[in-house]
Amino acid sequence: MRKVTTLPAGRVAKWVIVALWIALLVPALMLAGRLGDVEKNDSAAWLPGNAESTKVVEQAGKFQPAETLPAIVIYDRPGGVTPADMTKARADAEAFEGIRNVVGQPQGPSKSQDGKAIQTVVQVHDGKEGWDGARKVIDAMTRVGEQNANGLGFHVTGPAGYASDSVKSFGGGGLVETITALVVVAILLLTYRSPLLPLVPLLAAGGALVTAEAVIYLLAKNAGLTVNTQTSFILTVLVFGAATDYALLLISRYREELRRHEDRHEAMAEALRRSGPAIIASAATVAVSLLVLMLATLNSTRGLGPASAIGILVGLLAMVTLMPALLVICGRWIFWPVKPSYGSAGANRPSFWTRVGVAVSRRPRIVWIGTALVLGVMTIGVSGLKADGIPSRGQFTIETQAGVGEEIQARHFPAGSGDPVYVVAKAASAEQVKTVLSGVPGIADVAAPMIKDGEALVLGTLDDPPGSGAAMRTVERARAAIHQIEGADALLGGNTATALDIQQSAARDSKVIIPIVLVVVFGILALLLRAIVAPLLLMATVVLSFGAALGVSALVFNHVFGFAGADANFPLLVFVFLVALGIDYNIFLVTRVREEAMLHGTRRGALTGLSATGGVITSAGLVLAGTFAALGALPLVFAAQLGFAVAFGVLLDTMIVRSVLVTALTLDVGRWMWWPSKLFEQHDDPQPPAGRPDSEPALAGT
């Protein structure tokens, strides 16, 4: 194993490894560029096949083309629409029929009761192009509608309108990558004070991202892996963030070994030998934790797990092969202007974290109890988290055409018009279904049943905006009512029903996956530390840290940003990312503490471990937090929420939980941390004098 890990430091092997990566990246670049071709961004594709709304989509295909989205065209004139306006709306409807991927005849135009707006409903076939296909249709419709408008307002809303706005918002993915790269470079510049060194890990991380996207494309195309645009932008920040964390650890060790070894190949071999196992163990635990998401029923969540794990593992591979080879090829000059020369000494001054450790050691019990209480108070905000879905208009942080159109539509037409609920049933029960559905509170109108091949399709208009909480409650009442019709085999679907099924699947996934992730992480820590008490305490800090991050996030979302809600799977994703990525820092800190405890006892080992890992863990946390914060560049509420919660949680974890709370617990619990291993039987050596660290650290994770 040591020979394998030190291979990139070989005099010939380094050139072979770089050549292999170049050969790999040539086809990977072509495949990665096609990832968008296999993305499935429609909500129905995220659901399992046994969801009621999914079954309705399959059965309703007899009555209308599959893979269609309604586009609701809204014209408005505050002073009242004119006959010329109605003439234009009719001409536009005819023109819409000639646009590629518009199916069937438009419904309307129809004038509102107050005479100030006109509505036309057009069915858009998204097909293989998905939401991008809908965007092209909406753009073409907008060009038609804005011609010769003469002051008549024109907007396209409804599911197709929001799909178009989403695609345009996701177009900021390139901006996310740019910001992420700038964050990584800035933090590496501050850490190493070298203008050249950041280019190496940045190049390796970029190669890892391209390779990971190529692998995910192949799995999505040939193995049924569900990916969407959400997966793509999460993958970007995850690969850059985690890979740079590994780079920080390896580069720090390599720089130190350059002072001890005249030959840079020997220095890199020793750096890989010392830090490689900790980096590999950390990446493996993160990947295993992410793979637990495969137990989700929601296809989008289940696909995110292996996609993220692939990103972590490819990032690991790049950082322990490509980056070391490039560093050795470049030589010491890559650290310019402060090159680590052979025989020179590093800084001997006590670090900031050494002083923190000394301060904590004076009253460790008071410190950990006080810190835990503060974190506990922060978790109270979780009670205000509205993770029951985001209304369509609240999905964006900016004003969009579909959002404005929905607002105008709600003022002049029934809120649910143009985006009905669908009920499929046996033809013999069609009238009974229509009668029962009409009697459900929240259903404004029910159309005459359509009959074909022994099946019936009944459409109902909602009183409330589609996707809203009130509309979802209406869907629940309607389902309960039609399911009681004997022999009808009635099922209810539509966009609001799909949103409800997604919410219910996400709630189930959280209840199942969160406990399993905790068990998996506990098992990994127990095996790694050969103890039970330490993993239990670490898991308690993980849960407390997650609760505090989620509580503060809820307060910020509600009272600072004013978001309308959060996705149902938001708490699960935040939990998995914070726990999985927090494992890195647990491993880097506690393995070093255990190593020192074997030599000097637990209390002294805790201080040395904090001194050794504090700086690197802080830098790694800043990188990871910065990369996730880059998600705020997208004008999407989900991206902003995920970016803020994970970034804040990572900073809280690295600055407070891992460095202060865990250190104070270790100092207070002492050798009991390692029960029932043999290390538990080893008593502590006398503490070094206060304010004087026993030794200066080499590197985190070694």
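These legends describe several close-up views of a predicted model.

**Figure 1. Confidence along the chain.** The protein chain has a mean pLDDT of 85, and 93% of its residues reach 70 or more. Confidence is lowest in helix α1 (residues 2-5), where the mean is 64. It is highest in helix α14 (residues 364-379), at 94. Over residues 688-702 the pLDDT falls below 50. Beyond near neighbours in sequence, that stretch still has 44 contacts in the model.

Figure 2. F240 belongs to helix α10 (residues 229-260), and T180 belongs to helix α8 (residues 173-192). Is F240 buried or exposed? Its relative accessibility is 7%, so F240 counts as buried. T180 is buried as well, with a relative accessible area of 0%. Leaving out residues up to four places away in sequence, F240 touches T180, V184, L202, A205, G206, L209 and T627. With its neighbours within four places set aside, T180 is in contact with V237, F240, T627 and A630. F240 and A205 are 35 residues apart along the chain, and their C-alpha atoms are separated by 5.7 Å.

**Figure 3. Strand β3 and its partners.** Strand β3 covers residues 117-125, and eight of its nine residues are buried, so the strand is largely enclosed by the rest of the structure. Strand β1 (residues 68-76) runs antiparallel to β3 and is joined to it by nine bridges. In this pairing, D76 stands opposite A117 of β3. Strand β2 (residues 102-111) also pairs with β3 in the antiparallel sense, over five bridges. Here Q107 has V121 in β3 as its bridge partner. β2 and β3 form a hairpin with five residues between them. In the turn, G115 has a positive phi of about 75°.

Figure 4. Side chains of opposite charge can pair when their charged atoms come close. The whole structure contains 18 salt bridges. In one of them, the side chains of R11 and D263 meet with an N to O distance of 2.3 Å. R11 lies in the loop between α1 and α2, and D263 in the loop between α10 and α11, so the pair ties together parts that are 252 residues apart in sequence. D668 forms a salt bridge with R365, and their closest N and O atoms are 3.0 Å apart. D668 is in helix α22 (residues 637-669) and R365 is in helix α14, 303 residues apart. D668 is buried, at a relative accessible area of 18%.

Figure 5. E270 and R273 form a salt bridge in which the closest N and O atoms are 2.6 Å apart. Why are E270 and R273 separated by about one helical turn? They are three residues apart in helix α11. E270 is buried, with a relative accessible area of 14%, whereas R273 is partly exposed at 30%. Elsewhere, R253, E256, E257 and R260 are linked in a network of salt bridges.

**Figure 6. A nonpolar patch on the surface.** Which residues form the nonpolar patch? They are I532, L536, W672 and W675, which together have about 400 Å² of accessible area. L536 is located in helix α19 (residues 533-561). This residue is partly exposed, with a relative accessible area of 48%.

Note on methods. Residues are numbered from 1 along each chain as its sequence is written. This is a predicted model: local features need pLDDT of at least 70, side-chain atom pairs count only at pLDDT 80 or more; totals for chains, interfaces and linings use all residues. Side-chain values use heavy atoms; hydrogens and water are left out. Helices (H or I, at least four residues) and strands (E, at least two) are DSSP runs, numbered from the N terminus. Buried means under 20% relative accessible area, exposed over 50%, partly exposed in between (1.4 Å probe, protein chains only). Contact means heavy atoms within 4.5 Å. Patches are made of residues with over 30% relative accessible area and no salt bridge: like charges are joined within 9 Å, nonpolar side chains (Val, Leu, Ile, Met, Phe, Trp, Tyr) within 5 Å. Accessible areas come from the Shrake-Rupley method with a 1.4 Å probe; for residues, only the protein chains shown count as cover. A salt bridge is a side-chain nitrogen of Lys or Arg within 4 Å of a carboxyl oxygen of Asp or Glu. pLDDT is the predictor's confidence in each residue, from 0 to 100. Two strands pair if DSSP finds at least two bridges between them.
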